[in-house]
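Let's learn to read a protein sheet together, one step at a time.

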Amino acid sequence: MAKLRAAGCDLVWLPKVETMYPKGSSTFVEVSGVSDGFEGAIRPSHFRGVATVCTKLLLQTGADIAVFGEKDWQQLQVVHRAARDLDIPIHILPVPTVRDADGLALSSRNRFLTVEERARAGLLYAALSRAATAVAAGCNAAEALAPEDAVLRSGGFAPEYLALVEAESMRPMDRATSGVALRIVAAARLGTVRLLDNIAVA
């Protein structure tokens, strides 16, 4: 295993590539349902890779807790479902998305935004926030999302999806339902950069 270091401190041990992907390996983990739409539809087989490598890491480490950020919401649900369905004795701990002052979710991709694009990038979080407020106030998905899709397009974004979903299953929803946790998920291109974000409906 390779060890990462920063400022003279050991951070983490990482397994070698051949440990994770041994020659002749032919077993994969696929999580149906939660991985089918949105990112799963746009990036076929992506979540199979995520579920497989994360399952292996969770089993190899024997850790009690694994921390995943909420920014990649669908990925978080895929990993959580895989751990639950395969009875891996670990707690998947979600961590809230870290945001810049204008609400843009922090990501390594952001550095590829031009200065002008970065100035507009906060529109995505603002649109999600307004949509979430509208759904919570009783609007259906179309009423809440269509105006924000238009706002994003007028701001130079090219939305790939903007949807209201049941938070755990990623099942598309038409409106808020009592006792059901909801999330608004989005992917949109701004210039050459593909931005992902999501927000809970309170």
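Predicted model: local features only at pLDDT ≥ 70, side-chain atom pairs only at ≥ 80, totals over all residues.

Q: How many bridges join β5 to β6?
A: Strands of a sheet pair through backbone hydrogen bonds, either parallel or antiparallel. Here, β5 and β6 run antiparallel and are joined by nine bridges. Two strands count as paired if DSSP finds at least two bridges between them. The strands themselves are DSSP runs (E, at least two residues), as are helices (H or I, at least four), and both are numbered from the N terminus.

Q: Which strand order does the open sheet have?
A: The order is β5-β6-β7, three strands with antiparallel pairing. β5 (157-166) and β7 (193-201) stand at the edges with a single partner strand each, so one side of each has no neighbour in the sheet. From one strand to the next, the twist averages 15°.

Q: Over how many bridges do β6 and β7 pair?
A: Strand β6 (residues 182-190) pairs with β7 over nine bridges, in the antiparallel sense. To see one on screen, look for L190, whose bridge partner in β7 is V193.

Q: Is β5 mostly covered or mostly uncovered?
A: Mostly covered: seven of the 10 residues of β5 are buried. Buried means under 20% relative accessible area, exposed means over 50%, and partly exposed lies in between (1.4 Å probe, protein chains only). For the protein chain, buried residues make up 40% of the 202 residues.

Q: Which helix lies across β5, β6 and β7?
A: That is helix α6 (residues 123-136), running at about 25° to β7. Axes are lines fitted to C-alpha atoms, for helices over the stretch in contact (heavy atoms within 4.5 Å). Angles run from 0 to 180 degrees between N-to-C directions.

Q: How many helices and strands are there in the protein chain?
A: The protein chain has seven helices and seven strands. Along the sequence, the pattern reads β-β-α-α-α-β-α-β-α-α-α-β-β-β. The C-alpha trace spans about 50 × 40 × 30 Å along its principal axes.

Terms used:
Residues numbered from 1 in each chain as written. Heavy atoms only, no water.
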